[in-house]
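Biologist: Could you take me through this structure slowly, one question at a time, and show how each answer is reached?

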Amino acid sequence: MVTFTEVARGKISELLGVEGREGSALRLSIIGRLGGEFQYRMSFMKPGERAEGDALDETQGFPLVMDARSVPYLGGTVVDYVEVDGQRGFKIDNPNPLWHDALAAEVQRLIDTEINPALASHGGFVHLLDLREGVAYVELGGGCQGCGMAKVTIKNGVEARIRQVVPAVREVVDVTDHSGGRHPFFGPADRGESPYS
């Protein structure tokens, strides 16, 4: 499914050897799609933190955990550890399409070409996380996470435009943790003008 190069395996093993990480696993998740690319999160987790449905791969030389939602989009992925122009980090080469579902792909195109460019003028963006039974699940980021106008942006802007262009989508649900945003103390508003509407 996912292959780590020898260099990447060595770096992960080194990081797992840090005090306090003994017995930990590497968790790899797709957390969104932005600008035509998958967005990933790699983190360490203790054995008891595996969620129901997580996939476990023990063929890499360390335990690798992937969430059920990410697994269908990780087949054939290669993870390398590279250094270019003094910059070091993991490079993920994923051959999968952003979405296997044509409806989700259509919503993603709209987000990439119209919605996110509008939100970017206010320092924000939206990730499409999932599309099930006509409901699009999204997460806001940047300046939109924690913004008091987030509810207005979703309902009057994002949802209205998606439903107009892709009528098969009947609802957009915001699953963002707004308490962790840039402006987590702004009270939520039900009215006003959104940066995207």
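Modeller: Let us begin with a term: two strands are said to pair if DSSP finds at least two bridges between them. Please keep in mind that this is a predicted model.

Biologist: In which sense do E2 and E3 pair?

Modeller: Pairing needs at least two bridges, and E2 and E3 are joined over nine bridges. The sense in which E2 and E3 pair is antiparallel.

Biologist: Does E2 run parallel or antiparallel to E5?

Modeller: Strand E2, which covers residues 25–34, is joined to E5 by three bridges. Arg27 has Val65 as its bridge partner in E5, and Leu26 stands opposite Leu64 of that strand. The direction of E2 and E5 is parallel.

Biologist: What is the order of the four strands in the open sheet?

Modeller: The pairing in this sheet is mixed, and its edge strands, which pair on one side only, are E3 (37–45) and E4 (55–57). Neighbouring strands are turned by 25° against each other on average, with direction ignored. As for E2, eight of its 10 residues are buried. The order of the four strands is E3-E2-E5-E4.

Biologist: Which side chain of opposite charge is nearest to Asp67?

Modeller: Asp67 sits in the loop between strand E5 (64–66) and strand E6 (77–84), and its side chain makes a polar contact of 2.8 Å with that of Ser70. Leaving aside residues up to four places away in sequence, Asp67 touches Arg27, Leu28, Ser29, Ile30 and Asp54. Although Asp67 is buried, it has no salt bridge, since a salt bridge requires a distance within 4 Å. The nearest side chain of opposite charge, 4.5 Å away, is that of Arg27.

Biologist: Which helix packs on the sheet that contains E9 and E10?

Modeller: That open sheet of three strands has the order E8-E9-E10, with mixed pairing, and its edge strands are E8 (124–132) and E10 (171–174). Strand E9 (residues 135–142) runs parallel to E10 and is joined to it by four bridges, and Val138 has Asp174 as its bridge partner in E10. The helix touches E9 and E10, and its direction makes about 150° with that of E10. The helix that packs there, made of residues 150–165, is H3.

How values were computed: Residues are numbered from 1 along each chain as its sequence is written. This is a predicted model: local features need pLDDT of at least 70, side-chain atom pairs count only at pLDDT 80 or more; totals for chains, interfaces and linings use all residues. Side-chain values use heavy atoms; hydrogens and water are left out. Helices (H or I, at least four residues) and strands (E, at least two) are DSSP runs, numbered from the N terminus. Buried means under 20% relative accessible area, exposed over 50%, partly exposed in between (1.4 Å probe, protein chains only). Lys and Arg count as positive and Asp and Glu as negative; His and the chain ends are not counted. A polar contact is a pair of N or O atoms within 3.5 Å; within protein, one must be able to donate a hydrogen and the other to accept it, and residues adjacent in sequence count only if both atoms are side-chain atoms. Contact means heavy atoms within 4.5 Å. Axes are lines fitted to C-alpha atoms, for helices over the stretch in contact, and angles run from 0 to 180 degrees between N-to-C directions.
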